Amino acid sequence: MSGNTAAVSANLAPAEARTPEARVAGAMRGFAQEIGALSAFRLESCIHCGICADGCHFYIATEDPQYTPIWKVEPFKQAYKRESSAFAPLFRLLGLKREVTADQLAHWQHLLFDSCNMCGRCSLICPMGIDVAALIEQARHAMFEAGLAPQELYLKAAHQRETGQPEARAEPYRDKLVAIGTQFGVEIPLDEPEAELMLCVPRTDIEHYPKAVAALARVMRHLNVSHTFRSDGLVAENYGYFAGGKSWQRDISRRLIEQAIACKAKILIVPECGHAYSALRWEAADLYGKPLPFKVRSVTEFLAEELQAGRLKLGAAGVGVTTFHDPCQLVRKGGINDAPRALMKAMGIDLHELKNHGGFSFCCGGGGGVLDIERAAPLRYRTMENKLREVDDTGARTFLTSCSDCRRTFDDAQTHFNSDKTPHSLLELVADNLIAAEGRP
Amino acid sequence: MDLLSFARGAGLKFALAVFCVGVVWRIVAFALLRIRRDLNEPRASMLKSLGGGLLAVGTRSWPHPEFIGRTGAGEALGYSYHLGLFAVVLLFGPHITFFGSLFGLTWPALPSSVITVISVLTFTLFLAVLFRRVTHPVLRMLSNFDDYFSWFITMLVIVTGLAATAHIGGPYETLLGLHILSFDALLVWFPFGKLMHAFYIFPSRAINGSLLARKGAIS
């Protein structure tokens, strides 16, 4: 079996000097907490047909069988069958399922974190209908409990849980946000006691794409709807989600939830950030323990709704032939397929779709925290080759997406491959082409 | 008691009992685990979600066009031998008589010559399936005892059935006894291994399809 166990063992979460036995016990405890009827059914339903491999860009790029999606949960399938399945005593008695070992888990860190974006393409191809990506997310929870979350993700998650932002910065994000408003000449409503919409921002945008932050504020201002950012609930990303720390994910989500409640928001707007959308839209209420008293909407779908309602008017963008990368968490796993296309159509964009688009789009390769894992870069670039080929094949002059992490991944690849395709933000394009609706200034 | 009498008498009764209890236990075991309620606001109504689930039962039967180039051949092989097995099991005259004795229900059969052709084809496809499993790097890596034993026991039923029909390898009664005995063995193994997918496949597709439809996502 190929892999990088040596690299893996050097990349454990800090403060995790555990014995191998304690590590395995932690993983098994973490996974046992996850096993409900649904995940057990998913594990039992696998017929080892291997078709999920053909949905995964890591396998397609490398033809390395270890990247077969269902194989990425093998230790946990093994543990489930041995410990909790209907005939677990029989499996143990006949030795059909061996005990999971610490070495096995250490190797699987590479498979569960470096080589999986949790993009869900495998879940779409499985003839048994198994949501493999959901199983991988649960396996990440177990790895976190075993102290096997990659260091980069673990540290950012710990910092975000503690302080609200994933990294210490000389200039806190709150101050950076205010500075962005000044730089781009746009009002940044901050800590308003009440607002219809609460906005948050991707850390990626604050650090790398300040124009996207300004675009978000500009569009909301244009729509003349009351909105606010909140100092104590500013960052959209959830590194707890990436690292597999379920309780940390809950704590990080709760920060935003409590701020939205505090300002009596009707809608929490998730900016262009795919996984932040998944964490808040499809998982936050479960972790919070009750339905959220407000709606969660992606900025893309919110703007498309405003467009449909006639409150948002857009002019021709004039960007020539354009192609669009569908962020997995928003489109395949989130169902936001039509909204970006409606916005592009309203701007008169000549959209040339990628060969694999919509729900079938290939991930950018950076999702699921992979972009943050330094050692994963070579593998990520291999998956990117196929994606960039698809982009080139469209003949597009402009390349858009609606997720800042995807954009950052493409930016990084552009440098690595010396590509001429610069990814741009759909939100920024919308902000650049606003037309005053009737009765509005 | 001769082999045939045992196979179709006590042996069959035992096998059916193991099959029924085992299958029910495998399904009940899920119900003993907790079922979490999804508290997140759905995008689609419950009716649409259920509809999406039902739709997925059909749409997952064949790969989406985006995937077919990579998976079409493997899936065609898989479905072909399944169809062959269904035809032989359900449309061969003596099998229908057997089911009639169990359930009191019979239906028209295919001519024996057609069944023979289908059986030989199914046998060949089954060999191809094994060849693919041991030569394809992904399948070889994923495969375990369950995969090979389930293949072996199903193949045993096919081979003994072909031998009994063609009267090759011994007296007809002995061959028929071995055929029914191998079927008994398959029934006993059924609840313990991957053959259970016969019960899981449609609910699994429906559940995933329904959960994706709840989010407004394609399935």
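Trainee: What pattern does chain B follow along the sequence?
Mentor: Chain B reads α-α-α-α-α-α-α-α-α-α. Keep in mind that this is a predicted model.

Trainee: And how many helices and strands does chain B have?
Mentor: Chain B has 10 helices and 0 strands. Its C-alpha trace spans about 65 × 40 × 35 Å along the principal axes.

Trainee: Let's do helix packing in there. At what angle do α6(B) and α8(B) cross?
Mentor: Roughly 155°. Helix α6 covers residues 112-135 of chain B, and helix α8 covers residues 145-166 of chain B. Their axes come within 11 Å.

Trainee: Which label does that get, roughly parallel or roughly antiparallel?
Mentor: Roughly antiparallel, because angles over 145 degrees fall in that class. The crossing of α6(B) and α8(B) is left-handed.

Trainee: Which residues make the contact?
Mentor: From α6(B): Thr116(B), Ser119(B), Thr122(B), Phe123(B), Phe126(B), Leu130(B) and Arg133(B). From α8(B): Asp147(B), Trp151(B), Met155(B), Ile158(B), Gly161(B), Leu162(B) and Thr165(B). By class, that contact has 7 nonpolar, 5 polar and 2 charged residues.

Trainee: Now α3(B) against α10(B). How do their axes cross?
Mentor: At roughly 135°, with the axes coming within 7 Å. Here α3(B) is residues 46-59 and α10(B) is residues 197-214. That angle makes α3(B) oblique to α10(B).

Trainee: Left-handed or right-handed?
Mentor: α3(B) passes α10(B) in a right-handed crossing. The α3(B) side of the contact includes Gly51(B), Gly52(B) and Gly53(B). On α10(B), Phe202(B), Ala206(B) and Gly209(B) are among the residues in contact. The class count there is 10 nonpolar, 7 polar and 3 charged.

Trainee: Switching to chain A. What does its secondary structure come to?
Mentor: Chain A has 21 helices and 10 strands. Its C-alpha trace spans about 75 × 50 × 40 Å along the principal axes.

Trainee: What's the radius of gyration of chain A?
Mentor: It is 22 Å. A compact globule with 441 residues would have a value near 22 Å, so chain A agrees.

Trainee: Sheets next. What is the strand order in the one with β1(A)?
Mentor: The order is β2-β1-β3-β4, all in chain A. It is an open sheet of 4 strands with parallel pairing.

Trainee: Which strands stand at the edges?
Mentor: β2 (227-229) and β4 (295-298) of chain A. Each has a single partner strand, so one side of each is left without a neighbour in the sheet. Neighbouring strands are turned by 30° against each other on average, direction ignored.

Trainee: How many bridges join β1(A) to β3(A)?
Mentor: 3 bridges. Strand β1(A) is residues 197-199, strand β3(A) is residues 267-270, and they run parallel. Leu197(A) has Ile267(A) of β3(A) as its bridge partner.

Trainee: Which helix packs on that sheet?
Mentor: Helix α17 of chain A, residues 299-308. It touches β3 and β4 of chain A, and its direction makes about 90° with that of β4(A).

Trainee: There's another sheet, with β6(A). What's the order?
Mentor: β7-β6-β8-β9 in chain A, again 4 strands in an open sheet with parallel pairing. The edge strands are β7 (350-351) and β9 (423-425) of chain A, and each pairs on one side only.

Trainee: How many bridges between β8(A) and β9(A)?
Mentor: 3 bridges, in the parallel sense. Strand β8(A) is residues 398-401. Leu400(A) stands opposite His424(A) in β9(A).

Trainee: What lies across β6, β8 and β9 of chain A?
Mentor: Helix α20 of chain A, residues 404-417. It runs at about 155° to β9(A).

Definitions and conventions
Residues numbered from 1 in each chain as written. Chains lettered and ligands numbered in written order. Predicted model: local features only at pLDDT ≥ 70, side-chain atom pairs only at ≥ 80, totals over all residues. Axes fitted to C-alpha atoms, helices over the stretch in contact; angles between N-to-C directions. Helix = DSSP H or I, 4+ residues; strand = E, 2+ residues; numbered from the N terminus. Parallel < 35°, antiparallel > 145°, perpendicular 65-115°, else oblique. Left-handed = near helix turned anticlockwise from the far one by under 90°. Contact = placed C-beta atoms within 7 Å. Nonpolar A, V, L, I, M, F, W, Y, C, P; charged D, E, K, R; others polar. Pairing = 2+ DSSP bridges. Rg over C-alpha atoms; globule rule 2.2 N^0.38 Å.
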